[in-house]
Amino acid sequence: MNLELINNKIQEMLPEKRYKHSLNVADCAVKLSEIYGCDKEKAYIAGIAHDCAKYLNKEYYVDKYKIVLDEIEKDNLALSHSLIGSYIAKYEFGINDKDIINAIKYHTTGKEDMDIIEKIIYIADLIE
C-alpha cells in the first residue's frame, strides 16, 4: 500500500471540505489507535479512505464490481458509499488488508461484534 498514492487519489476524488474531513478522521483514528493499542498505519489509511465513494457515480462502481446493494442501500448513497468504498479501496487503491476494508465497509452502519479498527473508524467519523 502506497500511502502517498492513496492520499493523492482521495484528494482527487473528494471536494476540499470532504477531503479535510477525511484527514481529520484519519488523525482522530490515529489518536484513538494509540489509546487502544491498534495499528496506527491501518487506522490512518482506513480513516483517510473511509469516504472515498461519497461523491462518485454509484451506478458505475456497482456495475463495475458487481456490488449487491440491499433495498435500503440502492436509494441511499449515505449508506451505500461505505460498501462501494470498500471495493474502491481494494481494487482502485490496492488495499488488501481485510481490517482496513471492513473498517471502511462498516463505518456508517456498524455491525455486531465489530473489531477494534472498525470501532475506531466508526467513532472517529462521528467525532469529526
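## Ring pairs and a cluster

Rings of Phe, Tyr and Trp (its six-membered ring) form a pair if their centres lie within 6.5 Å; planes under 30 degrees apart make the pair stacked, over 60 edge-to-face, and the rest tilted. In this predicted model, local features need pLDDT of at least 70 and side-chain atom pairs count only at pLDDT 80 or more, while totals for chains, interfaces and linings use all residues. Residues are numbered from 1 along each chain as its sequence is written, and side-chain values use heavy atoms, leaving out hydrogens and water.

Five aromatic pairs are found in the structure. Ring pairs join Y60, Y61, Y65, Y87 and Y91 into a cluster.

## Y65 and its partners

Let's meet Y65 and Y87. Their ring centres are 6.3 Å apart and their planes sit at 25 degrees, so this pair is stacked. Y65 belongs to the loop between α4 (58–64) and α5 (71–74), while Y87 is in helix α6 (residues 77–91), so the pair links distant parts of the chain, 22 residues apart. (Helices, H or I, of at least four residues, and strands, E, of at least two, are DSSP runs numbered from the N terminus.)

Y65 also pairs with Y91: the centres are 5.1 Å apart and the planes at 15 degrees, so this pair is stacked too. Y91 lies in helix α6, so the pair ties together parts 26 residues apart in sequence.

## Buried or partly exposed?

Buried means under 20% relative accessible area, exposed over 50%, and partly exposed in between (1.4 Å probe, protein chains only). Y65, at 16%, counts as buried. Y87, at 25%, is partly exposed, and so is Y91, at 47%.
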